[in-house]
Amino acid sequence: MFKTMTHKKAEKITMYVKFTVLLVFGIILMAPFIWMVSVGFDRTANIAMPFPPRLIPEEISSFNFGIVMENGRLIQSYINSAIVTITSVLIGVSSSLLAGYAFSKGRFKGKKVLFVLVLCTLMIPMEPRLIPLYKLFNSVDLLNTFWPLVLPPIINGMLIFLCKQFFDQLPDTLREAAQIDGAGEFKIFFRVYFPLAGPIAATMVILAFIWSWNDFLWPLVVLNSQDLHTVPLYLASFSLENGTSLGGLTMALATVSVLPIIVLYLFLQRYIIQSIALSGVKGE
Amino acid sequence: MVKRLLKKDSLLTLVLLFLFISVLAGCSSGSDENSGASDNGETAGGDWDGQKVKVQLIGDFSMEDSTDPITGETTPGLTNLKEEFEKQHPGATVEFILMPWEGYTEKTQSMLTSGDADVYQMPGIADFAAQGILEPLQPYIDEDDEFSTDIFIDQQVEGWKALGPDSSELEIFGLPFFGDARFITYDKKLFDDWGVEYLSDNPTMEEIHDKAAQMTGTNPVTGEQNYGVWFRGDWSSAFTLINAAEGIDGRWGTGFAWDEVEFEFDSPEMLEALNWLLDMQELAPEGIVSNQGNEKWMTQDNNIAIMLSTGPGELVEQTQAQGLEDRIAIAQEFKNEEGMGGLFAGSPLTIAKDSENKDLAWEWLKFATSDFAQEYFYETGAFPSVKSALEWESVKEHEELLGPVFEAMATPYIPRYHWAAGQPRFILTSEVESALTGKRSAEEALEKAQKESTEWLENR
C-alpha cells in the first residue's frame, strides 16, 4: 500500500513537472503574440517603442486600430484577398488534380517531356518571369484586374508534382477495372481516384491558400488601383522608406492581419500539420 | 469537404465552380477605377480639355484625409492636391497611382514597360535614365519662362542628374521632389549633465570622439548609464563610413557611368574612417550591428549623447510629441575641403519618355514643386526640396531644428552614391559589419569589399 502511494505521488510529481515545463514553454511561445496585441493598444508606441518591453500599455487606446480601419481600406483589402485567394485556390487545386492524374495514370506521347516542362516552372523564380508575364497580361488588357492573380496558378508545378506523386501510390488496377466496366477517363477520375484524393486535396488547398494570401510582388506589379489592393499590399503601405514602420501601428496591423490565418488554423490545424509533413513545404 | 463534393454530380460541380470563378474574377475587374482618380475626365471647357496625367507616388499616401499616427491630427488626402491642380489647369485630370516603398523598383520598371503612368517619383533615377525610358527635362526648363531651377535648395538639381543611354555628361532627368539629408543629432541635456560643451556646427571626427568619450559612463546627475554615441552598424553603416572618410578628404571612388566607376573602398582615408568607427563602437551600447541599444533615443529617458547619420523623417513630430524641443540639436555631418559630405537622398520626379501628355506632365512637375504642393507634402510628413520652405510659418516655428537640416540638404556629397542602389552597397555594409563584429580586421574588411565590388563591376 505504501508502495502504491509512493508510486501515485511520483506520478503526480511527474505530472506537475510536465505541466510546469509545458506552461513555461506555452508562455514563452505566447509572449510575442500577447506583446504584439499589447503594443497595438499602446497609444505612445508610435512615438517610441516601449522599452523595456511591457505587457500593460502605458496609455491604453484603440487609436492604432482606428487608423488601421480608417477609410475602409482594410475591409476592402480583406474582400479583395478573399476573392483572389478563393478563386486561385479553386483553379489551382482543380487543375493540378487533373494534371497530376493525367501525368500519373495517363498514357500519351510526350508525357515525360511535358512533366519535365512543368517541373521546370519550379526552377524559375518569380523575379525573371515578372516583366514577360506583365507584358503578356498587358497585351490582353487584363492589368489592374484580378485575372493576372487567378489565372497563372492553373499550372502550379509544385501542386501538380504533389498530385502526381500521390496518384502514383494508388494502384493502376483501379483504373483498369473501371475501364473494363466501360468508364471513360473523366468518370474514372471523378468516381474512382478523386474520392481517394482527400488528403492530398486538403494539403493542396492549404498550401495554395497560404501562397495566394501572402503573395506580394506579383499583386503589387499588376494592381495599380488601391481599391483592388490585397491585404499584403495594404500592410506594406504603412512601411517607411528604410523598411521600418511605426511600432504601435505595425503591431495593430499585424494583429488584425493575422486573425483570419489563426481562425483558418484553428479549423484546419490537423491538415496544416499534415500538409507540411507530406510536402515538406511551409507556407511562406 | 471532399466527400460532400463527391455526393454531388462531379461534372456539374466543376461547371458551377468555374462559373463561380468567372463571376468573382469578372466582377473584380477594375482597370479604370483607379485609386487616385475620381474620374472627372469630362471636365468641360479648358486649355487642357480631355487631357489626363497619371502620377505614380511612393509611400503612405492616401486619397482621403487620414490620421497622423504620431500626432493624431488629420492629414489632408491627395484629393486636395488633385482639385487644386485641376482648378489651375481647366479641363485636365490628374490620376494617382499609389504604391508602397517595398518592391517599388520592380513596380516602376513594369509600369514604365507598359506606359502605365506619365510622371514617376523615382529615387533610383540613374538606372532608369540609362535605359533611355525617361524624358530629358532641360528642353522643358529652357522653354518655360515661368520656371527656374533656382527655386530648389542648392545641390538638389545637381544631385539628381543622371546619364542617358547616349549621353557623355550628366543631364537633368528629374526635378527634386522630396528632400532628405543626413546629419548628426545630439541631446543637449546629456551634454549639460556631463558639463561638456555642445557640438560645433561642423564637428570633426576628433571632436565627436573626445566628447563621446567624456559622456560614456554613469551620468553624474541621474546616475544612469550613458553612452557617448550611437550609429547603425547594419543597414546604413556603409554611408556612415564613407562620410567619415569624406571628413578627411577621402571618397567612395570616382565615375558615374558603370564602365568608368572606380571604387576606393580600401583607401587610407577609408581605413582611418573604419578604425574611427571601431573606436566609436567602444563608446556605444552593445547591439549596434543589430540596430539595438538605441531604444531610449528620442524619449525623456534617453541615454545616448550623440547620434550619427540621422535623417529628418518625423524629426519635428517626435521631438514635439516627447517634449524634447529644448534638448535635441543638430550638427552637420563631416564635410570635405569643398564643403560637401554625407549621403544625398530623397526623391525626384521624372516624365516617362513614352508619355502621351508630356506637356501636362511637365505642368504637373511644376505644380508638384510649387509652394502649394510642397507645403502640402510637408504636412503629410515628406520633406520639401524648395528654398522657399524656410519662409513657411510651419517651418519657421521649428527653425532652430530645421535650419541645420536644410543646410545639410544643401551640402551633401555629389554626384550622389548612385552605386548604393546596387550590390556594392551591400558588399561594403557587410564588410563594415565584419569589422564591427571582429570577424575581420578593418584592413582585411575593406580589401575584401574593394575586391568584391570591383569584381561585381567587371561582371555586370
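Start with the open sheet in chain B: five strands in the order β4-β1-β5-β14-β6, with mixed pairing. Helices (H or I, at least four residues) and strands (E, at least two) are DSSP runs, numbered from the N terminus, and two strands pair if DSSP finds at least two bridges between them. In general, strands of a sheet pair through backbone hydrogen bonds, either parallel or antiparallel. The edges here are β4 (93–99) and β6 (174–179) of chain B, each with a single partner strand, so one side of each has no neighbour in the sheet. Ignoring direction, neighbouring strands of this sheet are turned by 20 degrees against each other on average; axes are lines fitted to C-alpha atoms, for helices over the stretch in contact, and angles run from 0 to 180 degrees between N-to-C directions.

Before going on, keep in mind that this is a predicted model: local features need pLDDT of at least 70, side-chain atom pairs count only at pLDDT 80 or more, and totals for chains, interfaces and linings use all residues. Residues are numbered from 1 along each chain as its sequence is written, while chains are lettered from A and ligands numbered from 1 in the order in which they are written.

Back to β6(B). Five bridges join it to strand β14 (residues 346–351) of chain B, and the two run antiparallel. Along that pairing, B:Gly174 stands opposite B:Thr350 in β14(B).

Now zoom out to the whole of chain B. It has 18 helices and 14 strands, and its C-alpha trace spans about 75 × 70 × 50 Å along its principal axes. Of its 460 residues, 44% are buried. Among contacts in chain B with a separation of 6 or more, 75% come from residues 24 or more positions apart; a contact means that two C-beta atoms, placed from the backbone, lie within 7 Å.

What about the inside? The largest nonpolar core has 184 residues, and those touching the most other members are A:Cys163, B:Val119, B:Val229, B:Leu241, B:Leu274 and B:Trp364. Its largest share, 12 residues, comes from helix α10 (residues 198–214) of chain A. Such a core is a set of buried Ala, Val, Leu, Ile, Met, Phe, Trp, Tyr and Cys residues joined through C-beta atoms within 7 Å. Leaving aside neighbours within four places in sequence, B:Trp364 is in contact with B:Val53, B:Val55, B:Phe85, B:Val94 and B:Val119.

Next, see how the chains meet. Chain A puts 49 residues into the contact and chain B puts in 45 residues. On the chain A side, the elements giving two or more residues are α2 (63–69), α3 (73–105), α5 (126–139), α6 (147–150), α10, α11 (217–222) and α12 (231–236). That side divides into 31 nonpolar, 14 polar and four charged residues, where Ala, Val, Leu, Ile, Met, Phe, Trp, Tyr, Cys and Pro count as nonpolar, Asp, Glu, Lys and Arg as charged, and the others, Gly among them, as polar.

A few backbone details in chain B deserve a look. B:Ile414 and B:Pro415 are joined by a cis peptide bond, with omega about -5 degrees, and B:Pro415 is in the loop between α16 (399–410) and α17 (423–436). B:Asn291, not a glycine, has a positive phi near 55 degrees. It sits in the loop between α11 (268–281) and β12 (304–310) of chain B and is partly exposed, with 13 other C-beta atoms within 10 Å. B:Ser309 also isn't a glycine, and its phi is positive at about 50 degrees. That serine lies in strand β12 of chain B and is buried, with 21 other C-beta atoms within 10 Å.

Finally, a word on confidence in chain A. Its mean pLDDT (the predictor's confidence in each residue, from 0 to 100) is 88, and 94% of its residues reach 70 or more. In chain A, confidence is lowest in helix α13 (residues 247–279), at a mean of 79, and highest in α6(A), at 96.

Notes. Buried ≥ 20, exposed ≤ 12 C-beta atoms within 10 Å, placed from the backbone.
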